[in-house]
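Dear colleague,

I am passing on the structure that we spoke about, and below it you will find my notes, written out at some length. Please read them with the model open beside you.

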Amino acid sequence: MKVLLLLIGAVWLNSKYGSGAPSSSCTHPPAKWCSSMDSAIQCGVLKHCLESNFTRSHQREGQVQVGLYYESLCPGCRLFLTQMLYPTWLLLNDIMSVTLVPYGNAQETTEGKKYVFECQHGEQECLGNMIETCLLNVTNMAFPIIYCMESSTDVIKAAKSCVALYSPELSWKTIQTCVTGDQGNQLMHQNALKTQALNPPHKYVPWITINGEHTDELQDKASTSLFSLVCSMYKGPKPAACGGGKGHFRGTYSPKE
Ligand SMILES: *[C@@H]1O[C@H](CO)[C@@H](O)[C@H](O)[C@H]1NC(C)=O
Ligand SMILES: *[C@@H]1O[C@H](CO)[C@@H](O)[C@H](O)[C@H]1NC(C)=O
């Protein structure tokens, strides 16, 4: 009896703490586990990483490119980004890539050598756009951080803690230096150029492009079920998440502004 109990205990311990769970030498957050061989081994997920890296490299070529031209405080943009774009990307990031361009209906003028920006929802929105622009330039965790900001009550106030949550090694000072300096100014000018180059020109925000193209139909489909749209547009073998082609995921329609 004692032996049997020991045996059961050992099986239980093994299933609880065995190969499935990261070992105690794993000191990286999950998003980083596959970033190197070392961390994959330390975290006990090498097999998973090799497989998912393989699938990814095969799927990357035909990825559906989703572009979002938006501004940080526009309610419709926040709704689309947090309720539709981010959850879809979490499920389908193997077959879709996302380009965020925070600028939207902002206006650009010059003052000496600097660009000056005016935003539809005021100075706070310009600040939000700038923080997000700088994040996109300095960390590959920008999308989760921007999602965190946009889903918070106060987009700007949340920024610092969202950075600490998703990218603890990134110092807030680096962001501030970019936000207040020439680098941010130049990067925002690039966003202005990208937004002005849209064809057809944008008439509202959020303005969505799919593989660089914007039509009313694509905008409507992306707003009502981006998940189905991306699955249907991806030409390669459908990933398991796409299932039988029926959208599992429907978000709320995002009003235009
Ligand atoms: C997965 O791919 C990334 C870049 O594509 C690479 O740096 C990393 O080492 C790969 N991870 C493993 C475990 O092979
Ligand atoms: C960041 O911005 C600099 C210009 O300030 C640019 O050269 C660089 O390519 C950008 N990096 C990324 C990842 O966007």
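T133 counts as buried, because its relative accessibility is 5%, where buried means under 20% relative accessible area with a 1.4 Å probe and protein chains only. This residue sits in helix α5, which spans residues 122–138, a helix being a DSSP run (H or I) of at least four residues, numbered from the N terminus. Leaving aside residues up to four places away in sequence, T133 touches P102, L187, M188 and N191, with contact taken as heavy atoms within 4.5 Å.

Please keep in mind that this is a predicted model, in which local features need pLDDT of at least 70 and side-chain atom pairs count only at pLDDT 80 or more, while totals for chains, interfaces and linings use all residues. Residues are numbered from 1 along each chain as its sequence is written, chains are lettered from A and ligands numbered from 1 in the order in which they are written, and side-chain values use heavy atoms, with hydrogens and water left out.

Turning to the ligand, the residues around ligand 1 are C34, S35, S36, M37, A40, C49, L50 and N53, each having a heavy atom within 4 Å of it. Of the helices, α3 (46–59) gives the most to this shell, with three residues. An oxygen atom of ligand 1 lies 2.4 Å from an N or O atom in the side chain of N53, and a nitrogen atom of ligand 1 is 3.0 Å from a backbone N or O atom of C34, a polar contact being a pair of N or O atoms within 3.5 Å.

With best wishes

How values were computed:
Polar contact = N/O pair within 3.5 Å; in protein donor to acceptor, adjacent residues only side chain to side chain. Helix = DSSP H or I, 4+ residues; strand = E, 2+ residues; numbered from the N terminus. Buried < 20%, exposed > 50% of the residue type's maximum accessible area, 1.4 Å probe, protein only.
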